[in-house]
Amino acid sequence: MRRVLRAQTGRPGIRANLSVQPCKGNRMASETNLNAGIEDGVRRRDFINIAAVSFAGVGAAAVVLPLVNQMNPSADVLALSSTEIDISAIQSGQAIKTSWRKQPVFVRNLTPVEIAEANKVPLGDLRDPQTLAERTKTGKENWLITLGVCTHLGCVPLGAAEGEPRGDFGGYFCPCHGSHYDTAARIRKGPAPKNLTVPPYDFTSDTVVTIG
Amino acid sequence: MSFPWAKNYEPQQPLMKWLDEKLPLPRLVYNAVGAGYPVPRNLNYFWNFGVLAGAALAIQIITGIVLAMHYAANAGVAFDSVEHIMRDVNAGWFIRYAHMNGASMFFIVVYLHIFRGLYYGSYKAPREMVWLLGVVIFLLMMATAFMGYVLPWGQMSFWGAQVITGFFSAIPVVGEPIRVWLLGGFAPDDAALNRFFSLHYLLPFVIAGVVILHIWALHIPGSSNPTGIEVKDEQDTVPFHPYYTAKDGFGLGVFLLLFVALTFFSPNLLGHADNYIPANPLSTPAHIVPEWYFWPFYAILRAFTFNFLWIDAKLWGVIAMFASIALLFFLPWLDSSPVKSSTYRPLYRKFFWVLVVDVLILGYCGKSPAEQPYVIMSQLAAAYYFAHFLIILPIVSRIERPAPMPNSITEAVLAKHADKSSASATA
Ligand code: HEM
Ligand code: FES
């Protein structure tokens, strides 16, 4: 009975082995041999097999971790993560470009008109609704500090330097695929999904900002 | 596998006999591209492009290995090291221009190879696997070429790397961490340049491996042919050698002439002048464009300027761009017509040419700035591209009435010759 069952569930290895046995007597012998230690249809060898392969699998998975993680930013790249900027020379209406973690940063001194324009926009009209106040520090609403990295595919938008086009909404314009940002650097038109990112920063004094 | 009438390899000299017993490499060559491989007798010059793509890969690997001997993958010196190759290394300018234009020539022949497949229905059973492996090769080539273009660390290199890794940031939630992980930083820098160089060196050999699988899969049913009718007996075929070694050799000569003409007379024709400006992370060039072979896909990416359903424009663009290539994986099952060759498919043939024009329009839009009228043009062309594969093709293959077909390759060939001789008789 047992043999019939096994033939049906098919252990190809064993069947192949058996079929090359020349005579019936031998066949019986190897059968008993293979079945040594069998309890409830589970062989010791099955257990060892599963245990060994699982153990190797866990080991292989563990090795993948460092192999994947080595791709993440290394310690020296992360160490560049804070920058101090002196903003005393930036006149109202002007902006400067600096860099933080090797990414461009725009520091812009908004004019009262630009601030009023930004506050006039109903939040419902925005793709990524945020007020100017939420994007600046209290009492320093004229200081708009954002990454100069378009949230579409990462070009540097124009509009920080003198004479560069500022787009349809007077803020920044990304020429790569035509994204327009308003005077609070919020996305208004074009393919970019988000407002320009406001990096973590603090005013260390009235004229010095620490980013990061 | 091969046809039963394939010639058998029988080494004559003792040395070859000895070799055949120990390592039957000459036998493999004989059966793959020698007299032991029967091929339809009616292949036209469009069947040259596979061999040409192989030659282009070999040229890229040879020139690339030489470049790597002089190139330094470090953001501080990469640009200068390429200029050093151009000015100081003996014949360096030649090797680099050959590699640069070799990439373009590689894509030209591969595009012709792909459109050959579309026209003659080579993707259909029993050659689906050949087609699928071909699409894999195409994807690997695109990754390789992209990473190679980053290596000279010019403005286009840098901003190309920024924009293309930016694709991944479109993925919701995990997108930005994936991008940072790919770059090993927050913007392209040393870490990115080094890993791109490592992969740019590796991938061509992976491509070579997949090419072997591609040819292996091809040699099971054997090549298709311009009639799309399968080989029936011996008179439909000729041995690969000397017939197609000669035809491919001639094609290779023409290819190399065009290649050296481009390399010597106009090496920067297909490149972009901005890539001779060193990378500047604080300033994007006014008009960034990828290399010409990516233009159609770039146009599809940029065609989405509006949010649609609950997915934003950026993610749509990226999905559409990848989908435009992924579609090709499903092609064998989208086209259910049993007739392969466009020669006998009057309706499909028309749509094939519309598709060619559509892809050319996409290419033109991809190279143009992101303004009107190019935006609307790329939107329409992108929509048509998807419609071709997802709507037109399935419908055409159902309603089309194929033209009468000859019974065999030989019959088709003889009929053609009969036409010609009767034409010349009347003349
Ligand atoms: C599938 C095959 C290949 C393709 C499509 C390809 C493509 C490219 C492209 C487009 C460039 C940029 C050229 C420029 O603007 O200067 C490049 C550069 C480079 N490639 Fe490749 N390549 C391939 C194979 C290889 C191989 C096998 C190696 C090395 C073993 C290699 C090593 C290099 C090096 C060192 C550079 C930088 C030097 C330069 O810019 O000229 N390439 N590759
Ligand atoms: S990167 Fe700015 S619009 Fe695409």
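A salt bridge is a side-chain nitrogen of Lys or Arg within 4 Å of a carboxyl oxygen of Asp or Glu. Keep that in mind as you explore this structure, which is a predicted model.

**Salt bridges**

Side chains of opposite charge can pair when their charged atoms come close. Over all chains, a search of the whole structure turns up 17 salt bridges.

A second example in chain A joins A:R43 to A:D46, with an N to O distance of 3.1 Å.

In chain B, B:E230 forms a salt bridge with B:R127, and their closest N and O atoms are 2.9 Å apart. B:E230 lies in the loop between α9 and β2 (237-239) of chain B, and B:R127 in the loop between α5 and α6 (128-150), so this pair ties together parts that are 103 residues apart in sequence. B:R127 is buried, with a relative accessible area of 3%, whereas B:E230 is partly exposed at 29%.

| Pair | N to O distance | Relative accessible area |
|---|---|---|
| B:E230 and B:R127 | 2.9 Å | B:E230 29%, B:R127 3% |

Salt bridges can also link up: B:K124, B:D335, B:R345 and B:E400 are joined in a network of them.

**The iron site**

Now turn to the iron atom of ligand 1. Which protein residues are its donors? They are B:H99 and B:H200, each through its NE2 atom, lying 1.9 Å from the iron. B:H99 sits in helix α5 (residues 92-120) of chain B and B:H200 in helix α9 (residues 190-219) of chain B, so the pair ties together parts that are 101 residues apart in sequence.

**A buried strand in chain A**

Five of its five residues are buried, so the strand is largely enclosed by the rest of the structure. A:W143, A:I145 and A:L147 point one way from β4(A), while A:L144 and A:T146 point the other way. Its partner is strand β3 (residues 103-109) of chain A, and the two pair in the antiparallel sense over five bridges. Within this pairing, A:V107 stands opposite A:I145.

**A loop residue in chain B**

Finally, find B:M405, in the loop between α14 (374-399) and α15 (409-426) of chain B. This residue counts as partly exposed, at 37% relative accessibility. What does B:M405 touch, leaving aside its neighbours within four places in sequence? Its contacts are B:T227, B:I229, B:V339 and B:Y344. B:M405 and B:T343 are 62 residues apart in sequence, and their C-alpha atoms are 9.2 Å apart in space.

Definitions and conventions. Residues are numbered from 1 along each chain as its sequence is written. Chains are lettered from A and ligands numbered from 1 in the order in which they are written. This is a predicted model: local features need pLDDT of at least 70, side-chain atom pairs count only at pLDDT 80 or more; totals for chains, interfaces and linings use all residues. Side-chain values use heavy atoms; hydrogens and water are left out. Donors are N, O and S atoms within 2.8 Å of the metal (3.2 Å for Na, K and Ca); water is not among the atoms, so sites may look incomplete. Helices (H or I, at least four residues) and strands (E, at least two) are DSSP runs, numbered from the N terminus. Buried means under 20% relative accessible area, exposed over 50%, partly exposed in between (1.4 Å probe, protein chains only). Contact means heavy atoms within 4.5 Å. Two strands pair if DSSP finds at least two bridges between them.
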